[in-house]
Amino acid sequence: MTTPSVDRLPAGPASSRTTPPPGAAVPEEAGPDPRLTDGVLAGYAGCFGCGEESPHGLRLRRTGHADGVVRAEYVVQRAHQGAPGLAHGGVLATAMDEMLGWAAWLLGRRYVTGRLETDFLRPVPVGATLHLRAWCRGVDGRKAYLEGEGRVGAPDGPPAVRAAGLFVEVPREHFTKERMN
Ligand SMILES: CCCCCCCCCCCC(=O)SCCNC(=O)CCNC(=O)[C@H](O)C(C)(C)COP(=O)(O)OP(=O)(O)OC[C@H]1O[C@@H](n2cnc3c(N)ncnc32)[C@H](O)[C@@H]1OP(=O)(O)O
């Protein structure tokens, strides 16, 4: 499969460390959704990005996955403010981390964030819905290169945040060996 056809923002944030090398391909077929099959992580309700039991978490809601693009919605909560009434930049970066992570996991392997680059394009008010999407630009060995963006109010609303990331494939033990509780 080639890079998904996405009506993306003209200039992405990707640096050389988050840009796939020439020839890096997007895998032909997404594997089984690890959220449904992984014994450690499946449906983890405590996830700060998407878990239902994380009291101040982002509670991202996945709305679809087609043609190599994963989509979700995120409603900015009062607990997510930086400046009064506006989303904290770190929270928006978290939303992008989660999105890129989803796009990586939908390739059918276990990945963690190695590097995350974010552009903040406009403030996002509390109560606004951010329409998020992410996709893979290429895989090179253990390294997967992801991109994503968030738009305010509608899927084709004004862009507020965009991100590029390098995710690194890890074994299942990554999620258990250093756990303290
Ligand atoms: C079911 C649930 C669904 C879950 C759905 C998922 C949603 C969750 C989304 C949230 C995702 C997260 O936040 S994950 C949590 C935040 N991230 C972490 O905690 C990761 C912490 N870091 C690490 O554990 C480690 O540093 C690793 C695994 C990233 C890499 O360590 P390693 O395994 O020893 O591998 P290493 O040789 O260092 O790196 C492998 C290759 O990647 C490159 N590389 C590594 N890091 C970087 C980097 N920052 N910038 C550039 N390149 C890098 C190396 O140069 C190398 O390239 P080359 O020499 O091969 O060319």
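These entries cover the ligand shell, the core and one annotated region.

I number residues from 1 along each chain as its sequence is written. The model is predicted, so I took local features only at pLDDT of at least 70 and side-chain atom pairs only at pLDDT 80 or more, while totals for chains, interfaces and linings use all residues.

**Ligand shell.** The shell holds 22 residues, and L41, G101, V112, G114 and R115 are the closest. I took helices (H or I, at least four residues) and strands (E, at least two) as DSSP runs, numbered from the N terminus. α1 (34-37), α2 (89-105), β3 (111-120) and β6 (159-169) each supply at least two shell residues. α2 gives the most, with 5.

**Core.** Next I looked up the largest nonpolar core. The term means buried Ala, Val, Leu, Ile, Met, Phe, Trp, Tyr and Cys residues joined through C-beta atoms within 7 Å. Buried means 20 or more other C-beta atoms within 10 Å of the residue's own, all placed from the backbone. This core has 37 residues; A95, M99, A103 and A104 touch the most other members. β2 (69-75), α2, β4 (129-140), β5 (143-152) and β6 each supply at least two. α2 again gives the most, here 10 residues.

**Annotation.** An unreviewed UniProt entry marks residues 85-150 as "domain: Thioesterase". Such annotations may be inferred rather than shown by experiment. I found 26% helix and 45% strand over residues 85-150, with the end C-alpha atoms 18 Å apart.

Conventions. A residue is near a molecule or strand if its C-beta atom, placed from the backbone, lies within 6 Å of it. A residue is buried if 20 or more other C-beta atoms lie within 10 Å of its own, exposed if 12 or fewer, and partly exposed in between; C-beta atoms are placed from the backbone.
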